[in-house]
Amino acid sequence: MLATVVNCIVIIICGLLGTFFKKYINEKYTAAILTGLAIVVFTIGMSYALKTTDTIGVIICIILGILIGEFCKIEDRLEKLGEILKKKLIPPSHQSSTFVQSFVTGSLLFCIGSMAIVGSMEAGINGDPTIIFSKSIIDGIAAISFAITLGVGVVFAGFSVLIYQGALTILAVQVAPYLSTSIVTQMSAVGGILMIGIAINMLDLKKISVGNMLPAIFLPLLYHPISTWLISLF
């Protein structure tokens, strides 16, 4: 859990730094930075997505995950949480129209990547915080960029990371006997596809409810053993 706490603190500090420097940077440059960051997110997501050889499994997990997410309205709940945070914690004079977008985008980006999943598993199962510490550096750079382009909402994404990665670390201890390299790879691949969706949102090409796709990340935990059992029957 210590590594996840450090990750959260780094995001908060870097987000505040980015918010401070935001007023000194011309909007033309912030738009260019956001575009560049979107391309980086797209590229990383693609690299994760291409690691798996079980394309059918990824498709099944994505479809089922979307159905579950749409039913639970996860994206709407994240946005409502962002609105509550803005009203309760941000003075009216400092509120911006991009606060909710910054919070939701930051929360999703920091939580769905391969490093968040694998790092939490390593911390929980082997007590090794190395991946999470490395992720903290990357998240810190991203937090500065997001704060400059979208505002202070990204600061509160640090608490999303604390809850999400903390829960994953605790869960890892319980599910360790059932995890395999192929399952983790599948989870990372699904997470990579979600990152591509985030990049598309950042480029304002199409509004994709990435939050409603979140359950798909965990479906490989069910899909892989079921598919292996079915294959063994034939």
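Glutamate 75, at 6% relative accessibility, counts as buried (under 20% relative accessible area, with exposed meaning over 50% and partly exposed in between; 1.4 Å probe, protein chains only). This is a predicted model, where local features need pLDDT of at least 70, side-chain atom pairs count only at pLDDT 80 or more, and totals for chains, interfaces and linings use all residues. Residues are numbered from 1 along each chain as its sequence is written, and side-chain values use heavy atoms, leaving out hydrogens and water.

**View 1. Lysine 207 meets glutamate 75 in a salt bridge.** Their closest N and O atoms are 3.0 Å apart; the rule asks for a side-chain nitrogen of Lys or Arg within 4 Å of a carboxyl oxygen of Asp or Glu. Lysine 207 sits in the loop between helix H9 (181-202) and helix H10 (220-233), and glutamate 75 in helix H4 (residues 74-89), so the pair ties together parts 132 residues apart in sequence. Lysine 207 is exposed, at 54% relative accessibility.

**View 2. Aspartate 139 and lysine 135 pair up inside helix H7.** Here the N to O distance is 2.5 Å. The two residues are 4 apart in helix H7 (residues 130-150), about one turn of the helix. Aspartate 139 is buried at 7%, and lysine 135 is buried too, at 3%.

**View 3. Stepping back, the chain has 10 helices and 0 strands.** Helices here are DSSP runs (H or I, at least four residues) and strands are E runs of at least two, numbered from the N terminus. Of the 234 residues, 48% count as buried.
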